[in-house]
Amino acid sequence: MERVVLVTGASGGVGLALCRRLLGEDGRIHLCLACRNAQKAEATRDLVLQEYPAAQVSTVEVDLGNLASVLRAAQELRCRFQHLDFVYLNAGIMPNPHVNFKALWKGLLTGRLLHMLTTAEGVMTQTDRLNGDGLQEVFTTNLFGHFILIRQLESLLCGNEKPSRLIWTSSSNARESAFSLSDYQHAKGQESYSSSKYATDLTSVVLNRKFNKQGLYSSVVCPGLVMSNMTFKILPVFLWVLLMPIMFLIRFFAKTYTLTPYNGAEAHVWLFKQKPEYLDPLVKYHSCTSGLGKNFVEPRKLDVDEETAEKFYQKLLELEGQTLEKYGDLLD
Ligand SMILES: NC(=O)C1=CN([C@@H]2O[C@H](COP(=O)(O)OP(=O)(O)OC[C@H]3O[C@@H](n4cnc5c(N)ncnc54)[C@H](OP(=O)(O)O)[C@@H]3O)[C@@H](O)[C@H]2O)C=CC1
Ligand SMILES: CC(C)CCC[C@@H](C)[C@H]1CC[C@H]2C3=C(CC[C@]12C)[C@@]1(C)CCC(=O)[C@@H](C)[C@@H]1CC3
């Protein structure tokens, strides 16, 4: 029986590279591209079919930052499929990024530069805003929209003969100190991206605890630093081009400088080939590239407190309850 793979944020960057690589691994999968823009989704489908003309590729429209759109997409997917083998929860945003170059300079003097260049700790801030649902946009797009999506797809993911896999694109920028249970949407701070990725790690840990017995397995990956539309919003493209030789040099010391979306998708593709029972739920799988350009995957222990993870999960369930009450008319 064909395997069905759903990829969010499939229209560019890591998501698109992942779709191409997955079809290279197994041309018989049914690939469903989840994109917020229908035209982009069709263009992506055409692009993928040019490379793999015999592939089965469909599209579904979903704006992860808009909960009504997420509920409609879930309804559509429930009608189309009986089972989802893999869901790559990859779409993500980092709006209005600001780089603190002074901090990088200080890092050079204090010996923390390499750490800063790979995690952006103390280097990046963002300005977030409220979306149409009255929720923080980064939290909703990067985590909560995905959470609602998988919860609404539970019948396709849990309790079936075959296991199902969730693979979240997290980040090495995920940091406990950017996250707080009392402000889990990160309305007050300026590190909404870091907070949303830490929240992603917490969520994955609890999903494993609650759903492994029902055949659902969740993993988190970091694609490393990748040149994509997201990073092109951090610095102007010409500056990135000028910095490219330096970044290739940095890669000799920082293996997470994967730089291309193809390399960034290494951990996602590796997980596609693994048996879920053998994976560690408390590990993040990092895509890495050596100085000479060889790709590999490095597992690193997650920095999560399981009690905080459980408390946060309860808060997600509360917010889910409010969401479903608000959009009752969109439910079956
Ligand atoms: N680039 C990097 O260095 C790193 C990236 N990551 C993570 O990797 C993932 C992919 O990012 P990357 O490929 O680099 O960035 P891109 O900006 O290239 O891709 C992001 C994708 O997410 C989609 N997307 C954004 N907002 C929404 C939304 N509201 N609803 C549906 N889809 C949406 C975009 O769609 P559209 O084309 O319509 O904009 C696009 O397909 C993200 O989760 C990011 O946080 C993690 C670590 C490092
Ligand atoms: C490398 C150059 C010589 C200087 C570039 C300075 C900064 C623009 C980068 C240094 C560390 C980078 C970084 C990210 C963005 C660009 C930097 C801040 C990320 C935050 C991008 C998104 C992620 O998810 C993280 C894994 C990246 C961590 C490193």
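Guide: Helices here are DSSP runs of H or I with at least four residues, and strands are runs of E with at least two, both numbered from the N terminus. This is a predicted model, in which local features need pLDDT of at least 70 and side-chain atom pairs count only at pLDDT 80 or more, while totals for chains, interfaces and linings use all residues. Residues are numbered from 1 along each chain as its sequence is written, and chains are lettered from A and ligands numbered from 1 in the order in which they are written.

Visitor: Which element gives the largest share of the shell around ligand 2?

Guide: A residue is near a ligand if its C-beta atom, placed from the backbone, lies within 6 Å of it. Ligand 2 has 18 residues around it, the closest being Val99, Ala120, Ser171, Ser172 and Asn173. Two or more residues come from each of α5 (113–119) and α10 (237–250). The largest share, four residues, is that of α10.

Visitor: How many charged residues are in the shell around ligand 1?

Guide: Among the 30 residues around ligand 1, Gly9, Gly13, Gly92, Ser228 and Met230 come nearest. Asp, Glu, Lys and Arg count as charged; Ala, Val, Leu, Ile, Met, Phe, Trp, Tyr, Cys and Pro as nonpolar; and the others, Gly among them, as polar. The shell has 11 nonpolar and 16 polar residues, and its charged residues number three.

Visitor: How many nonpolar residues does the shell around ligand 2 have?

Guide: The shell around ligand 2 contains no charged residues.
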